[in-house]
Amino acid sequence: MKFHDIEHPNEKNTTPNIPKQVFLLALTLIVLTIIPLCLNNDSESPLPSPKINTNDLKSIESEEKCDVFSGKWVPFSQGPYYTNETCDLIIDQQNCMKFGRTNTEFLNWRWKPDECELPLFDAVQFLELVRGKSIAFVGDSVGRNQMQSLLCLLVGVVHPEDITLNYTSDTINFKRWFYADYNFTLATLWSPFLVRASDADPNGHSYSSIMNLYLDRVDEAWAAEITTFDYVIISAGQWFFRPLMFYENDQLVGCFKCQQENITDLTQYYGYRKAFRTAFRTILSLKDYKGVTFLRTFSPGHFENGDWNKGGNCVRTKPFTKEELRVDQYIMDMYLTQMEEQRAATKEGRKRGLEFRLLDATEAMLLRPDGHPNHYGHSQDKNITIADCVHWCLPGPIDTWNEFLLYMLKREGQLTLGRKLQKND
């Protein structure tokens, strides 16, 4: 299944129609602006100035024709950007090498888009793009996994300060890091359902305990925080496969896998759709929010030889080819549900001056059954006998998500400049 056959709202519906002459003017202004900034930074900052890469100054017009999210994994002999020895910010849950993974072939692959090249991650360039700005990852622990990847990608340039305690005492689910040299804040805001949730199991919380979801009420733990952020990356998925009780208008409307009589059976997709709809509508209604919202699409697990709680594992050591890949229907359903809600939010956002973008990681990650911790990750106070085929090793294929993010942030700068030039034309 080729996911690029589905329209990407951020690529086809939100790009301004800018004349070629304006593109050339824009590129000239970028060059004239970047050079003096680099010279000034040499005298004011102890950090190296970003190098001007002429490849980054190619025509915006040609970049728009490239779908970086559709491609294949190709051998890459240079290896990862970092290791668990060079990055001290990897948590045990994703620190596969620390806990004995000896096979390193999974580190020697790189994502190659079908129609173009995805630039390598440039930490200095990324930090310059986000100078004076802030990014929040909203969602579950897979979203936090991407944030942890970004921390390691940047640590070779500058080590951040953990400022979490300035905001909360929950230093596990809510984290904030500050890069003083760049006045840049990076945060993760825990919300696995995006909407309000509570435990409903009389036996207490567990991997498979039942939860109450209030589908029309946003989780204020993140909604009350994002108005100060310039970029918000929202994602959710795996938690919607557990037993769930669905509430709307404070009334029980149905359930998923609750196995209770006289309650309407609903699918997980019902709750998934309503949760994203509530999240996006909340973002659209926030008066003080002016940021750009990215939807990071569903990241599939790769359990084989049994379900996650029945001995399933993920022992493969190299990516799937597209010929080998078999896409389960539930993955397509999760993906398409997100896409439909994203498209609706993008359309409404245009009316209100808010930008919604798509960070489409699904196709790339479907092909990487080799990149999970399996039994080589240890979560604190959790059962390590259960294989982790949902999260991703660090370093690992999840680093590609931040290559996508850098690519998209560069496009945001280009689009912003294009809109300013078009406005003044």
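Mentor: A disulfide is a pair of cysteine sulfur atoms within 2.5 Å. This is a predicted model, in which local features need pLDDT of at least 70 and side-chain atom pairs count only at pLDDT 80 or more, while totals for chains, interfaces and linings use all residues. Residues are numbered from 1 along each chain as its sequence is written, and side-chain values use heavy atoms, with hydrogens and water left out.

Trainee: Which parts of the chain does the disulfide of Cys-314 and Cys-389 link?

Mentor: The sulfur atoms of Cys-314 and Cys-389 are 2.1 Å apart. Cys-314 lies in the loop between β12 (292-296) and α8 (329-352), and Cys-389 in the loop between α9 (362-366) and α10 (399-424), so that distant parts of the chain, 75 residues apart, are linked. Helices (H or I, at least four residues) and strands (E, at least two) are DSSP runs, numbered from the N terminus. The torsion about the S-S bond is -95 degrees, and this link is left-handed.

Trainee: Are Cys-314 and Cys-389 buried or exposed?

Mentor: Both Cys-314 and Cys-389 are buried. Buried means under 20% relative accessible area, exposed over 50%, and partly exposed in between (1.4 Å probe, protein chains only).

Trainee: What is the handedness of the disulfide between Cys-255 and Cys-258?

Mentor: The S to S distance of Cys-255 and Cys-258 is 1.9 Å. Their disulfide is left-handed because the torsion about the S-S bond is about -40 degrees. Cys-255 and Cys-258 are also buried.

Trainee: Which residues touch the most other members of the largest nonpolar core?

Mentor: In soluble globular proteins, nonpolar side chains tend to be buried together. A nonpolar core is a set of buried Ala, Val, Leu, Ile, Met, Phe, Trp, Tyr and Cys residues joined through side-chain atoms within 4.5 Å. In the largest one, of 102 residues, Phe-126, Ile-135, Phe-184, Leu-186 and Trp-222 touch the most other members. Helix α7 (residues 268-285) supplies the largest share of this core, eight residues. Another core, of seven residues, lies apart from it and includes Tyr-214, Met-245, Tyr-247 and Ile-263.
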